[in-house]
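I opened this model to look up its helices, its core and its ligand shell. My entries follow the order in which I looked.

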Amino acid sequence: MRKTAQKLIVATLCASVLVSAPAVAAVADTYQKTCATCHDSGALNAPKKGDTAIWERLKSQKGMDALVQSTKKGMPQMPAMGLCGSCSDQDFKDLINYMAN
Ligand code: HEC
């Protein structure tokens, strides 16, 4: 009986990893091809990926919607769409949350 229960738990865990992994991988892939150019190194004073303090401040002061808008319009040192011409608002949100972690 216990073995069956364990197998069930393992199967459930595997299933949830399989469901979420492709989405996370896609965000990471897009990030590497676009935003990483500046946000990995902090080039041109871009807020760095993983600098949680900066990203938390931006998110609470400006709000996620404003951050998505400034990414789409561009900033003084950031090209409009952050080099991701095909990204949707949701993609930008995912990318911003990815950089904030
Ligand atoms: C060419 C370099 C470059 C690329 C590529 C780039 N950024 Fe930026 N980003 C910057 C810089 C520099 C800033 C700081 C603001 C400024 O000085 O223009 C910034 C700021 C931001 C901000 C803060 C905006 C605000 O309102 O304060 C967000 C959000 C952001 N970038 C998201 C992204 C996303 C998402 C991508 C990828 C799709 C991306 N950036 C790609 C350079 C870049």
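**Entry 1: the end of α3**

I began at Gly-63, which follows α3 and has a positive phi, near 90°. Helices here are DSSP runs of H or I with at least four residues, strands are E runs of at least two, and both are numbered from the N terminus. I noted that this is a predicted model, where local features need pLDDT of at least 70, side-chain atom pairs count only at pLDDT 80 or more, and totals for chains, interfaces and linings use all residues. Residues are numbered from 1 along each chain as its sequence is written.

Buried means 20 or more other C-beta atoms within 10 Å of the residue's own, exposed means 12 or fewer, and partly exposed lies in between, with C-beta atoms placed from the backbone.

**Entry 2: the whole chain**

I counted five helices and zero strands. Along the sequence the pattern reads α-α-α-α-α. The chain has 101 residues, and 16% of them count as buried.

Next I looked at contacts, meaning pairs whose C-beta atoms, placed from the backbone, lie within 7 Å. Among contacts between residues at least 6 apart in sequence, 61% join residues at least 24 apart.

**Entry 3: helix pairs**

Two packed helices are described by the angle between their axes and the distance between the axes. The axes are lines fitted to C-alpha atoms, for helices over the stretch in contact, and the angles run from 0 to 180 degrees between N-to-C directions.

I took α3 and α4 first. Their axes come within 6 Å and cross at roughly 105°. The two helices are therefore roughly perpendicular to each other. On the scale used, 65 to 115 degrees is roughly perpendicular, under 35 roughly parallel, over 145 roughly antiparallel, and the rest oblique. Leu-58, Lys-59 and Lys-62 of α3 meet Met-64, Ala-66 and Leu-67 of α4. By class, this contact has four nonpolar, no polar and two charged residues. Nonpolar covers Ala, Val, Leu, Ile, Met, Phe, Trp, Tyr, Cys and Pro; charged covers Asp, Glu, Lys and Arg; the others, Gly among them, are polar.

I moved on to α4 (residues 64-73) and α5 (residues 89-99). They pack at about 110°, with axes 10 Å apart. So α4 and α5 are also roughly perpendicular. On the α4 side, Met-64, Leu-67, Val-68 and Thr-71 make the contact, and on the α5 side Asp-89, Phe-92, Lys-93 and Ile-96 do. I sorted these residues into five nonpolar, one polar and two charged.

**Entry 4: the core**

Which residues make up the largest nonpolar core? I found Tyr-31, Cys-35, Cys-38, Ala-46, Val-68, Cys-87, Phe-92, Leu-95, Ile-96 and Met-99, 10 residues in all. Such a core is a set of buried Ala, Val, Leu, Ile, Met, Phe, Trp, Tyr and Cys residues joined through C-beta atoms within 7 Å. The largest share, four residues, comes from α5.

Leaving aside neighbours within four places in sequence, Cys-87 is in contact with Thr-30, Met-81 and Phe-92.

**Entry 5: around the ligand**

The shell holds 26 residues, of which Cys-35, Cys-38, Met-75, Gln-77 and Gly-82 come nearest. A residue is near if its C-beta atom, placed from the backbone, lies within 6 Å of the molecule. The elements giving two or more residues are α2 (36-39), α3 (52-62), α4 and α5. By class, I read 17 nonpolar, eight polar and one charged. Cys-35 and Cys-38 also sit in the core of the previous entry.

**Entry 6: single residues**

Are the residues I picked here buried or exposed? Gly-74 lies in the loop between α4 and α5. Gly-74 counts as exposed because it has 12 C-beta neighbours inside 10 Å. Not counting residues up to four places away, Gly-74 touches Pro-79 and Ala-80.

Val-24 is in helix α1 (residues 2-33). With 12 C-beta neighbours inside 10 Å, Val-24 counts as exposed. Its C-alpha atom is 9.9 Å from that of Leu-95, 71 residues away along the chain.

Phi of Leu-44 is positive, near 60°, in a residue other than glycine. Asn-45 is in the loop between α2 and α3, and its phi is positive, near 70°. Asn-45 has 9 C-beta neighbours inside 10 Å, so I logged Asn-45 as exposed.

Terms used:
Contact = placed C-beta atoms within 7 Å.
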